[in-house]
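Welcome! Please take a look at the model below, and then we can walk through a few of its residues together.

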Amino acid sequence: MVLAKFCACNAVHYSFIFAVKPKPRFVRVNTLKTTTGSVIEVLSKMHKVDKDDMVPDMLVLPPGTDMHKHPLVTDGKVFLQGKASCMVAAALSPKPGWKVIDACAAPGNKTVHLAALMNGEGSIIACELNKERAKTLQHTVRRSGANNIETVIGDFLNIDTNDPSYAEVRAILLDPSCSGSGISTERLDHLLPSYSIDDQDDAGSSARIRKLSAFQRKALSHALSFPSVERLVYSTCSIHQAENEDVVSSVLPLASSLGFELATPFPQWMRRGLPVFDGAQHLLRTDPEDDLEGFFIALFVRKAAAADALEPSEDGGALGRKRKRACTTRSGGLRAFSSLRLSRMDVLCSIWGI
């Protein structure tokens with residue numbers, strides 16, 4: 001009787017799973033090795049191929065298309081990367097020649113996408129704390145053919161923002177550890193008859209989510225503190241407000257004090273942030289209802305009229321001045337800071353809970 005009940009329940013479970021609308025297969029053309037036109041010419045002999053209408057060099061293939069062993073993939077000319085994931089690097093939009101940090105880089109798909117967007121020019125510092133994941137990152141970089149990526153095995157939070165070697169960093173991609181609740185394979189519970197919206201609310205306020213969001217706030221605050229950064233993207237593959245809108249909202253006072261404001265990536269995209277604070281309409285969300293995975297993107301841009309901006313660069317950007325600020329060094333010491341920056345340090349300490 002117990003076995004019969006188990007089978008019946010699982011039959012219902014699997015019937016719901018198989019009712020899921022199949023998603024198209026998205027692939028990104030690696031323009032460091034080939035052209036979009038060349039890939040379309042090859043793939044169109046076997047599949048219907050469409051260009052994505054938003055993300056450059058992204059192609060859309062029919063659902064169920066298996067590309068894992070295709071020579072274009074094994075040779076690194078094409079990456080099997082979802083549209084939502086590709087929107088992250090495209091939102092940052094670093095210019096060729098810039099110095100960029102990918103703060104939590106493994107497995108490396110977004111890192112090598114940045115390299116392609118930069119035409120292989122400039123430099124990318126790809127940070128990864130976990131040694132095993134760093135191996136995956138390095139493999140991805142080799143397969144992409146990118147030669148402007150430096151892999152750093154270490155904690156992004158330990159980078160001294162006053163270190164001269166990071167003084168020219170102009171863009172940061174921060175895609176930190178998150179719950180992964182937006183990945184479709186982890187979201188099938190919402191299809192079960194017993195599911196309720198309260199289940200999502202409970203998951204979004206769990207102890208694990210609170211720990212993750214505390215780390216995310218700290219990492220985002222650190223990223224905002226690099227003196228010459230002009231563009232910063234914070235992204236997650238989470239659906240939880242605690243990891244998304246709440247994290248962004250918590251750092252807005254610091255961001256504003258440093259001359260940053262929220263910008264609107266992909267303004268034609270309809271699904272925006274949850275309306276929980278003024279400005280959330282600038283944020284971007286994707287969802288399985290859009291045939292995508294559940295991602296979140298926030299784009300911070302330093303205002304050209306920031307009080308401490310330098311003269312505009314040749315490309316019209318503005319580099320922030322080097323500043324003295326309170327900063328914990330790798331040895332645990334405390335650097336001197338100017339009294340003019342005390343208010344900003346108060347904000348940082350408030351965010352970090354110290």
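**Cysteines**

- In this predicted model, the cysteine sulfur closest to that of Cys-178 belongs to Cys-237, at 3.5 Å.
- As a reminder, a disulfide is a covalent bond that joins the sulfur atoms of two cysteines.
- How many disulfides does the structure hold? The count is zero.
- Cys-178 is buried, with 16% relative accessible area.
- Cys-86 is buried too, and its relative accessible area is 0%.

- You can find Ser-85 in helix α4, which covers residues 83–92.
- Is Ser-85 buried or exposed? Its relative accessible area is 9%, so Ser-85 counts as buried.
- Leaving aside residues up to four places away in sequence, Ser-85 touches Lys-110 and Phe-295.
- Ser-85 and Lys-110 are 25 residues apart along the sequence, and their C-alpha atoms are 7.3 Å apart in space.

- Where does His-70 sit? Look in the loop between β3 (58–61) and α3 (71–74).
- His-70 has a relative accessibility of 16%; buried means under 20%, so His-70 counts as buried.
- Which residues does His-70 touch, not counting those up to four places away in sequence? They are Val-42, Leu-43 and Met-46.

Methods. Residues are numbered from 1 along each chain as its sequence is written. This is a predicted model: local features need pLDDT of at least 70, side-chain atom pairs count only at pLDDT 80 or more; totals for chains, interfaces and linings use all residues. Side-chain values use heavy atoms; hydrogens and water are left out. Helices (H or I, at least four residues) and strands (E, at least two) are DSSP runs, numbered from the N terminus. Buried means under 20% relative accessible area, exposed over 50%, partly exposed in between (1.4 Å probe, protein chains only). Contact means heavy atoms within 4.5 Å. A disulfide is a pair of cysteine sulfur atoms within 2.5 Å.
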